[in-house]
Amino acid sequence: MKIKDRKFFRKKIKTIFVISLLIPLISFLSGCGGKKEQPSTDNLTNLLQRGIRPNEMGMVMVLEYHRIEEEEGSYTRSIENFKKDLETLYQKGYRLVRLHDLLSGKINVPAGKTPIVLSFDDSTGGQFRMINKGGKATIDSECAMGMMEEFYRRKKSFGYKALFNLLPSLFDQPKYKQEKIKYLIENNFELGDHTMTHPMLSKLSDEEVQKEIAGSVEMIKKIDPKARIDILCLPHGVEPKNTALMFSGSHGGTSYKMRWALLVGSNPFYPLYHYRNPGKLIPRVQVIDYDPTDGSGAEGSEYWLEFFDKNPELRFISDGDPSTICAPAYMESRLLKDKLPAGVYFVGY
Ligand SMILES: [Zn+2]
């Protein structure tokens, strides 16, 4: 060995030695002991014995309501049907979750149940109405909030959660708008930006698009500075020409950053860590009845609920443990491991 080579060799040995010392030290400091902790399969064995076949690689839905009124109609769900919807979803094993949690892959519903999100567009009066009861402002039992509250009182496990995509109409009762927004925030409901004038964003200039989106953020924050607005609900489900403006922009001193943009139609979707996840543009399912004789209401809620009844293997079924993604083993090839929330592992069966 030449002297130069020998020097190089010695240096290399030194480096290897230092690295070999550092690895256990780093592992020790990061608290993982260098070994990945394997999740227990006790829960899974127990579920399978009970006849529950979890599938957390299955599809989920975000339902979409507009007006809630006495009579059923176009973009209008009747009060009677809304009450039935809650009952149907509950009976079929759906449980409410927050959209933020669903889209972040942090899904926590009991074993055997399916997460679902309710979303309400256009902040119409029938969604959230206050009435005067004995001199006290109370939530009308015939508006969506009132019906959800009443249902939750009877069936706590269903949950009391929803997303409201707001327009400046703010539920059509100007004197209660502050109180309503405060109630929604305090009760952990989510608020979305549905723009100021509900335009076709594709027809607007870049400046106008930002004015619509930033204007809504400013309006909501003025009512309650605690409001957190990072979901854009696209009016008519239409994107602006400059699609980047859906996610960030500014106007009149207000800037916005949106994590997701919501579409109008018309299908369920796969969770964040599935290779077919839709990314930042999230489809939804309109709540409408399906008539197979003329095809009306196809790709609406009744259609998809029946679809999952007939194809249970495509539906998300929880294992009740948020730290594991449990599904038939062959589905592991569809998993995007880098999208799993920290500390969450796949368990196949
Ligand atoms: Zn709308």
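Glu72, Arg77, Asp85 and Asp289 are joined in a network of salt bridges, and a search of the whole structure, which is a predicted model, finds 16 salt bridges. The structure also holds a zinc ion, coordinated by Asp122, His194 and His198, and 0 disulfides.

**Salt bridges**

- Arg77 is buried at a relative accessible area of 5%, whereas Asp289, at 38%, counts as partly exposed.
- Arg129 forms a salt bridge with Asp140, their closest N and O atoms being 2.8 Å apart; Arg129 lies in the loop between strands S5 (114–121) and S6 (130–133), and Asp140 in the loop between strand S7 (136–139) and helix H5 (144–154), so the pair ties together parts 11 residues apart in sequence.
- Asp140 counts as buried at 10% relative accessibility, while Arg129 is partly exposed at 26%.
- Glu332 and Lys337 meet through their side chains in a salt bridge of 3.5 Å, N to O, in which Glu332 is partly exposed at 34% and Lys337 is exposed at 54%.

**Zinc site**

- The zinc ion is coordinated at 2.0 to 2.1 Å by the OD donor of Asp122 and by the NE2 atoms of His194 and His198, and the donor residues follow the spacing D-x71-H-x3-H in sequence.
- His194 is buried, with a relative accessible area of 1%, whereas His198 is partly exposed at 21%.

**Cysteines**

- With 0 disulfides in the structure, Cys233 is buried at a relative accessible area of 0%, and Cys326 is buried at 2%.

Notes
Residues are numbered from 1 along each chain as its sequence is written. This is a predicted model: local features need pLDDT of at least 70, side-chain atom pairs count only at pLDDT 80 or more; totals for chains, interfaces and linings use all residues. Side-chain values use heavy atoms; hydrogens and water are left out. Donors are N, O and S atoms within 2.8 Å of the metal (3.2 Å for Na, K and Ca); water is not among the atoms, so sites may look incomplete. Buried means under 20% relative accessible area, exposed over 50%, partly exposed in between (1.4 Å probe, protein chains only). A disulfide is a pair of cysteine sulfur atoms within 2.5 Å. A salt bridge is a side-chain nitrogen of Lys or Arg within 4 Å of a carboxyl oxygen of Asp or Glu. Helices (H or I, at least four residues) and strands (E, at least two) are DSSP runs, numbered from the N terminus.
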